[in-house]
Amino acid sequence: MEEFLQKQERREEKNKRKNRPIVLLTYVFVLLFLGMFGYVIFFLVHDADRVVANTGNRRQDVMADLVQRGEIRTSDGVVIAKSEEKNGEEVREYPYGELFCHVVGYNGYGRSGLELSMNFQLLTTHENIFKQVQDDLSEKKKPGDNVITTLDYKLQKAASKAMGKHKGAVLVMEPDTGKILAMVSKPGFDPNDMEKVWDDIHTEEGEKSTVLLNRATSGLYAPGSTFKIVTALQYIREHGSADGYKYTCTGEDSFNGVKIVCYKHREHGEEDLEHCIGYSCNTGFANLGMKEISMDGLHATAEELLFNQELPYDGGTSKSSFVLTGSSNRDEIPQTVIGQGDTQITPLHNAIIMSAIANGGVVMKPYLVQEIQNSSGAVVKSYSSSSVKSIMTASEASQLQELLKAPAEYGTSSWKFKNYRHKIIGKTGTAEIDSDGHCNSWFVGYSNPEDPDIVVSVVIEDSDSDGLTGVEVAGAVFEAYYP
């Protein structure tokens with residue numbers, strides 16, 4: 001009997017060993033099933049909208065068969081894109097033509113601007129369920145949601161009018177929120193007639209056309225003297241403050257064999273750093289770059305200020321570049337520290353740097369959409385401001401603000417802003433674009449330094465053709481902002 005029981009125990013133990021892999025495999029399959037089920041739930045709750053909203057997702061084209069594309073409006077209620085039924089077909093209309101062409105974009109022959117980035121939202125409906133059922137029964141398209149932007153019609157119009165027919169860009173934003181209030185790029189195009197635009201740019205004559213380029217976010221320019229803000233910041237970082245720098249300007253000077261000339265060979269005399277900023281003294285800054293700061297340090301500061309980095313902006317942008325280092329040839333220094341050489345920047349990037357100065361060193365993420373509404377006006381989703389990072393200390397920002405009072409008080413922009421009813425902080429810039437003396441004109445600055453209101457970044461291409469400057473355009477924007 002005892003021997004039988006022992007044999008029975010051995011058989012049971014043998015069977016357990018045989019069944020163990022099957023049991024283990026069962027547990028593995030159960031865990032995999034639970035994991036997959038959990039991921040499906042997570043995806044539906046957390047990621048589904050993001051994936052469908054991806055601009056490359058073709059499901060959005062199917063949505064267009066069921067939903068009439070929603071409107072795009074300014075923050076003050078002006079409709080700048082809408083859909084209408086004409087001859088049984090849905091037609092996209094842009095009531096203001098070129099005025100918002102780059103920022104709103106186009107829908108047809110591809111998409112761009114807000115028409116691209118907000119495509120999913122414009123083709124999504126949050127109308128009440130009874131209305132949706134009624135539309136289904138009557139085989140009508142459901143009304144898409146409306147995109148309410150941060151744009152201000154009055155500022156957009158003022159910036160565009162001030163630019164006239166000049167090529168260039170204007171970007172206006174709130175430094176403490178990141179709201180973009182205006183974005184103008186010229187030359188423009190008529191989004192109501194994309195067939196003609198498309199045909200024109202595919203001709204031999206039009207193949208080099210840049211009408212579809214949004215210069216405000218993707219145009220790369222030599223920063224000219226606006227880069228002296230970065231050079232001045234490096235001096236402050238290496239010397240502890242803006243104090244102590246002295247230089248005597250005679251209108252021109254030679255640095256490592258490179259001749260640097262001030263505007264119209266003007267002699268500025270004995271200067272400190274504030275006066276170098278105020279008069280935008282080229283020789284003063286070239287001397288500072290050669291003798292007072294480290295090029296590796298300047299490179300690090302430039303990258304901290306987002307050169308060679310992706311900008312914190314959800315629309316398409318170009319990456320600004322700064323290449324000079326301590327191992328570069330020293331004869332590259334004089335031109336580079338005054339904003340010439342190989343350095344390039346976008347108007348958006350220049351606005352971000354100036355916004356950080358106005359905001360105590362903190363960069364707020366620039367954004368264009370403040371909320372999504374259904375066709376009845378109910379808010380579906382709101383967008384709010386968010387900080388990205390600090391690119392300088394509050395002390396550094398405060399010191400730069402003090403330096404940047406000089407141009408408007410007695411320097412390069414004083415002819416426009418010295419007696420202006422609101423104090424203007426900012427920097428002018430003139431960037432040579434060829435050996436014939438043609439120049440782009442910059443202005444980047446903000447109003448009301450005690451509690452900054454708006455930052456304005458302007459670049460006017462080939463400004464010497466008739467003398468229109470970035471300062472003049474910025475002045476028109478400030479005038480439109482303040483009633």
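**A loop residue, helix pairs and a sheet**

A: Happy to. Let's begin with T343, which sits in the loop between α14 (333-336) and α15. Keep in mind that this is a predicted model.

Q: Is T343 buried or exposed?

A: T343 has a relative accessibility of 3%, and since the cut-off for buried is under 20%, it counts as buried.

Q: What is T343 in contact with, leaving aside its neighbours within four places in sequence?

A: The contacts of T343 beyond those neighbours are Y221, A222, P223, F227, F307, S321, F322 and T336.

Q: OK, zooming out. How many helices and strands are there in the chain?

A: The chain has 19 helices and 19 strands.

Q: And what share of the residues count as buried?

A: Of the 483 residues, 50% count as buried. As for contacts with a separation of 6 or more, 65% of them come from residues 24 or more positions apart.

Q: Let's talk about the sheet with β18 in it. What order do the strands come in?

A: The order is β8-β7-β19-β18-β17, an open sheet of 5 strands with antiparallel pairing. Its edge strands, each pairing on one side only, are β8 (180-186) and β17 (424-432). On average, neighbouring strands are turned by 5 degrees against each other, ignoring direction.

Q: How many bridges are there between β18 and β19?

A: There are 6 bridges, in the antiparallel sense, joining β18 (residues 439-447) to β19 (residues 455-460).

Q: Which residues make the contact?

A: On the α7 side, K154, L155, A158, A159, A162 and M163; on the α19 side, V473, A476, V477, A480 and Y481. That contact divides into 10 nonpolar residues, no polar ones and 1 charged.

Q: Now a different pair. How do the axes of α10 and α16 cross?

A: They cross at roughly 125 degrees, and the axes of α10 (residues 228-239) and α16 (residues 394-403) come within 10 Å. That angle makes α10 oblique to α16. The crossing of α10 and α16 is right-handed.

Q: And which residues meet there?

A: From α10 you have I229, A232, L233, I236 and R237, which meet E396, Q399, L400 and L403 from α16. The residues of this contact divide into 6 nonpolar, 1 polar and 2 charged.

Q: Nice. Last topic: why is α12 largely enclosed by the rest of the structure?

A: Helix α12 (residues 282-291) is largely enclosed because 9 of its 10 residues are buried. The buried ones are N282, T283, G284, F285, A286, N287, L288, G289 and M290.

Q: Great, thanks for the tour!

Conventions. Residues are numbered from 1 along each chain as its sequence is written. This is a predicted model: local features need pLDDT of at least 70, side-chain atom pairs count only at pLDDT 80 or more; totals for chains, interfaces and linings use all residues. Side-chain values use heavy atoms; hydrogens and water are left out. Two strands pair if DSSP finds at least two bridges between them. Helices (H or I, at least four residues) and strands (E, at least two) are DSSP runs, numbered from the N terminus. Axes are lines fitted to C-alpha atoms, for helices over the stretch in contact, and angles run from 0 to 180 degrees between N-to-C directions. Buried means under 20% relative accessible area, exposed over 50%, partly exposed in between (1.4 Å probe, protein chains only). Angles under 35 degrees count as roughly parallel, over 145 as roughly antiparallel, 65 to 115 as roughly perpendicular and the rest as oblique. A crossing is left-handed if the near helix is turned anticlockwise from the far one by less than a right angle, and right-handed if clockwise. Contact means heavy atoms within 4.5 Å. Ala, Val, Leu, Ile, Met, Phe, Trp, Tyr, Cys and Pro count as nonpolar, Asp, Glu, Lys and Arg as charged, and the others, Gly among them, as polar.
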